[in-house]
Amino acid sequence: GNAEDLERAESGGVMRGADPHAVSRRALERGRSQLGTLGSGNHFLEIQEVTDVFDEEAARTFGLFKGQLTLMLHTGSRGLGHQICGDFIEVMRGAARRYNIPLADPQLAAAPFNSGEGRRYFGAMQAAANYAWANRQALTGLAREIFSAALGLGEAALGMRLVYDV
């Protein structure tokens, strides 16, 4: 990615307050080899064409126009985020019992936000969000390199810029 991308990413592409110490060694191991990868399931990378514009002003603001080719990338924190969720399920189930929180589904285990468990979970999930932004930035940079090489265009001539990252 590049510096302009950070201006177009929600929160500047970083959640401040992330707690890397709340991320397990296993989550780090899973994430280490997956940075810059797309994943599976509902993750995708598509070349798309803008065929209809419903709000001219918004389209102009984002630099979009009818007939333009775009690249849509949907991926996230990969195995790191998945492992963080798995790591905290049991922690949160125990917290829910301690705080007398009834659970309609054990996968929806919870703790009060300001509890120790709640703060550790939120810090770990902020770290996962930061990983997701870094992962998409790596993929965006790779996509620019690939399109530039395939089309024989420099990055400026290619005009491939991030519209928004959330």
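Modeller: Gladly, and bear in mind throughout that this is a predicted model. Let us start with Asn-100, which lies in the loop between H4 and H5.

Colleague: Why is Asn-100 called exposed?

Modeller: Asn-100 has a relative accessible area of 67%, and the label exposed is given to values over 50%, so Asn-100 counts as exposed.

Colleague: What makes the backbone of Asn-100 worth a remark?

Modeller: Asn-100, which follows just after H4, has a positive phi of about 55° although it is not a glycine. Most residues other than glycine have a negative phi. Ser-11, in the loop between H1 and H2, is another residue other than glycine with a positive phi, in its case near 60°.

Colleague: Why is Gly-67 called partly exposed?

Modeller: The relative accessibility of Gly-67 is 41%, and since buried requires a value under 20% and exposed a value over 50%, Gly-67 falls in between and counts as partly exposed. Gly-67 lies in the loop between helix H3 (56-62) and strand S2 (69-74), and, leaving aside its neighbours within four places in sequence, it is in contact with Glu-49 and Val-50. From Gly-67 to Glu-57, 10 residues away in sequence, the C-alpha to C-alpha distance is 16 Å.

Colleague: What makes the span of helix H4 close to the expected one?

Modeller: Helix H4 (residues 78-98) has 21 residues and reaches 31 Å from its first C-alpha to its last, which is close to the 30 Å expected at 1.5 Å a residue.

Colleague: Why is H2 called roughly antiparallel to H4?

Modeller: The axes of H2 and H4 come within 7 Å and cross at roughly 160°. Angles over 145 degrees count as roughly antiparallel, so that crossing makes H2 roughly antiparallel to H4. The crossing of H2 and H4 is right-handed, and the residues that meet there include Arg-26, Ala-27 and Leu-28 in H2, and Gly-79, His-82 and Asp-87 in H4.

Colleague: What makes H4 and H5 roughly antiparallel to each other?

Modeller: Their axes come within 10 Å and cross at roughly 165°, and as this value has to be set against the limit of 145 degrees, H4 and H5 are therefore roughly antiparallel to each other. H4 passes H5 in a left-handed crossing. The contact is made by residues including Leu-80, Ile-84, Phe-88 and Ala-95 of H4, and Tyr-121, Ala-124, Ala-128 and Tyr-131 of H5.

How values were computed. Residues are numbered from 1 along each chain as its sequence is written. This is a predicted model: local features need pLDDT of at least 70, side-chain atom pairs count only at pLDDT 80 or more; totals for chains, interfaces and linings use all residues. Side-chain values use heavy atoms; hydrogens and water are left out. Helices (H or I, at least four residues) and strands (E, at least two) are DSSP runs, numbered from the N terminus. The expected span of a helix is 1.5 Å times one less than its number of residues. Axes are lines fitted to C-alpha atoms, for helices over the stretch in contact, and angles run from 0 to 180 degrees between N-to-C directions. Angles under 35 degrees count as roughly parallel, over 145 as roughly antiparallel, 65 to 115 as roughly perpendicular and the rest as oblique. A crossing is left-handed if the near helix is turned anticlockwise from the far one by less than a right angle, and right-handed if clockwise. Contact means heavy atoms within 4.5 Å. Buried means under 20% relative accessible area, exposed over 50%, partly exposed in between (1.4 Å probe, protein chains only).
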